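Q: I'm new to this one and would like to learn how to read it. Can we go through it feature by feature?

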Amino acid sequence: MLKDKNIVLGVCGGIAAYKAADLTSKLKKLGANVYVIMTKSATEFVSPLTFRALSQNDVAVSTFDEPKAMEINHISLADRADVFVIAPATANMIGKIACGIADDMLSTTVMATKAPCVIAPAMNTNMYENPIVQENIEKLKKLGFVFAPPRESRLACGTYGVGALCDVEDIIDYIYYAACKEKTLSGKRVMVTAGATREAIDPVRFLTNHSSGKMGFAIAKAACAMGADVTLVSGKAEIKPPAGARVINVVSAEDMYKVCMEEYKDKDIIVKAAAVGDFKAKEQSGNKIKKDGAAPQIELCENPDILESLGKVKENRTLVGFCMETQDLIENAKKKLEKKNADMICANNLFDKGAGFGTDTNTITIIKRGGETVPLPNMSKEDAAFEILKLAATL
Ligand SMILES: Cc1cc2nc3c(=O)[nH]c(=O)nc-3n(C[C@H](O)[C@H](O)[C@H](O)COP(=O)(O)O)c2cc1C
């Protein structure tokens, strides 16, 4: 989604300014055009040359620099921005923006832009917790500025606390959300399950499956981008959860069942993309099962069926299930939709090329209640996630 987008990146004068170089590099790798504006203080920490080389664009520092073309630089940058991001944002810059001060290139350009603006503060904990800074942040949030919250960490000043710049990958997620114009889930609460469950056999071994969590995480990320308040109930997954989602980590199907049966209550849309183990060991051994010549017999029993249980209590919530099959895809998916009382089932065949576990793409057929089928072509899991949620939002 960030390919060919114009990102104006404001860099302020703090130790974390060097991390903005990494942000620039990662945004470029995603195909975005990056235009950097540095404050005068920022140039004390990192040279504009670094950003000029990484962004392959001129770096603006002074409002009164001679522009290359006959245009007013702060206005042309303000107009060009699809998303405006300030990372790191100093207490000083947050204060200036909150008070409408436009006395340097960065604050003047922010004032002139209509683009969505993401602010990633970084500062000493006492500065961050200062009520003046907090009041400024609250004011800007109310005005629609999005904050990529600072992390708790050991800070450059040697203390430990809140104030470290949000992880660069997470800042990119917030930029991705800001770039998304489809906000049909604004005000909605969405629960997504993802990843694989693990069923212990003994303290060292477990039954699981090949789910990477990519599809479910893509849905959670798309839901965040579409403006929803997202809870992600995740089993084992190989990737980082999307920034801003409330993540509840679980291990077994039983754990996921318990969390879902509590969490569904205040949700509007529930998407069950996790690969939940159907079976578990009937008895778990308290100690490691020893190898003693004869292969052990492990008796299995069924796990609770989360989708079916949610189908029984869902009332007017929208319930979306997933169904991975190796044969009779549509027929089995339709049966599942009926049996589980879901509103929509997203079916995919494990044996289709570019679909299934661990891939970045998927080929999904959406089946709606009533039997209408919507076959999606092979596409990235990110794109498929948007298609699924756009349909779910209409139900
Ligand atoms: C070594 C050093 C580190 C600093 N780190 C921060 C910081 O992380 N966050 C912050 O808000 N200010 C920090 N400051 C203070 C700012 O540089 C100062 O408030 C400056 O006026 C900010 O200018 P700007 O907002 O135009 O970039 C630091 C100053 C120094 C000397």
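Q: In what sense do strand β1 and strand β3 pair, and over how many bridges?
A: The general idea is that strands of a sheet pair through backbone hydrogen bonds, either parallel or antiparallel. Here β1 (residues 6-11) and β3 (residues 83-89) pair in the parallel sense over four bridges. Gly10 stands opposite Ile86 in β3. Two strands count as paired if DSSP finds at least two bridges between them.

Q: What am I looking at, and how are the residues numbered?
A: This is a predicted model, where local features need pLDDT of at least 70 and side-chain atom pairs count only at pLDDT 80 or more, while totals for chains, interfaces and linings use all residues. Residues are numbered from 1 along each chain as its sequence is written.

Q: In what order do the five strands of the open sheet come?
A: The order is β2-β1-β3-β4-β5, and the pairing is parallel. β2 (33-38) and β5 (146-147) stand at the edges with a single partner strand each, so one side of each is left without a neighbour in the sheet. Helix α9 (residues 168-179) lies across β1, β3, β4 (117-121) and β5, running at about 155° to β3. Contact here is counted between residues whose C-beta atoms, placed from the backbone, lie within 7 Å.

Q: What joins Ala87 and Pro88?
A: As background, most residues other than glycine have a negative phi, and most peptide bonds are trans. Ala87 and Pro88 are joined by a cis peptide bond, with omega about -5°, and Pro88 lies in strand β3. There's something to spot in the phi angles too: Asp4, a residue other than glycine, has a positive phi near 65°. You'll find Asp4 in the segment before β1.

Q: Which strands stand at the edges of the sheet with β12 in it?
A: That open sheet has eight strands in the order β12-β11-β8-β13-β16-β17-β19-β20, with mixed pairing. β12 (246-249) and β20 (373-375) stand at the edges, each with a single partner strand, so one side of each has no neighbour in the sheet. Neighbouring strands of this sheet are turned by 15° against each other on average, direction ignored. Inside it, six bridges join β16 (residues 318-325) to β17 (residues 344-349), and the two run parallel. Gly321 stands opposite Ile345 in β17.

Q: At what angle do α4 and α6 pack?
A: Two packed helices are described by the angle between their axes and the distance between the axes. Axes are lines fitted to C-alpha atoms, for helices over the stretch in contact, and angles run from 0 to 180 degrees between N-to-C directions. Helix α4 (residues 73-80) and helix α6 (residues 105-112) pack at about 50°, with their axes 8 Å apart. That makes α4 oblique to α6; the scheme calls angles under 35 degrees roughly parallel, over 145 roughly antiparallel, 65 to 115 roughly perpendicular and the rest oblique. The α4 and α6 crossing is right-handed, a label used if the near helix is turned clockwise from the far one by less than a right angle (anticlockwise is left-handed). His74, Ile75, Leu77 and Ala78 of α4 make the contact with Met105, Thr108, Thr109 and Ala112 of α6.

Q: How do the axes of α5 and α6 cross?
A: They come within 10 Å and cross at roughly 40°, so α5 and α6 are oblique to each other. Here too the crossing of α5 past α6 is right-handed. Met93, Lys96 and Ile97 in α5 meet Leu106, Ser107 and Val110 in α6.

Q: Which residues come nearest to the ligand?
A: A residue is near a molecule or strand if its C-beta atom, placed from the backbone, lies within 6 Å of it. Of the 15 residues around the ligand, Gly13, Gly14, Thr39, Thr90 and Met123 come nearest. Helix α5 (residues 91-98) gives the most to this shell, with three residues. By class, the shell has nine nonpolar, six polar and no charged residues. Ala, Val, Leu, Ile, Met, Phe, Trp, Tyr, Cys and Pro count as nonpolar, Asp, Glu, Lys and Arg as charged, and the others, Gly among them, as polar.

Technical notes: Contact = placed C-beta atoms within 7 Å.
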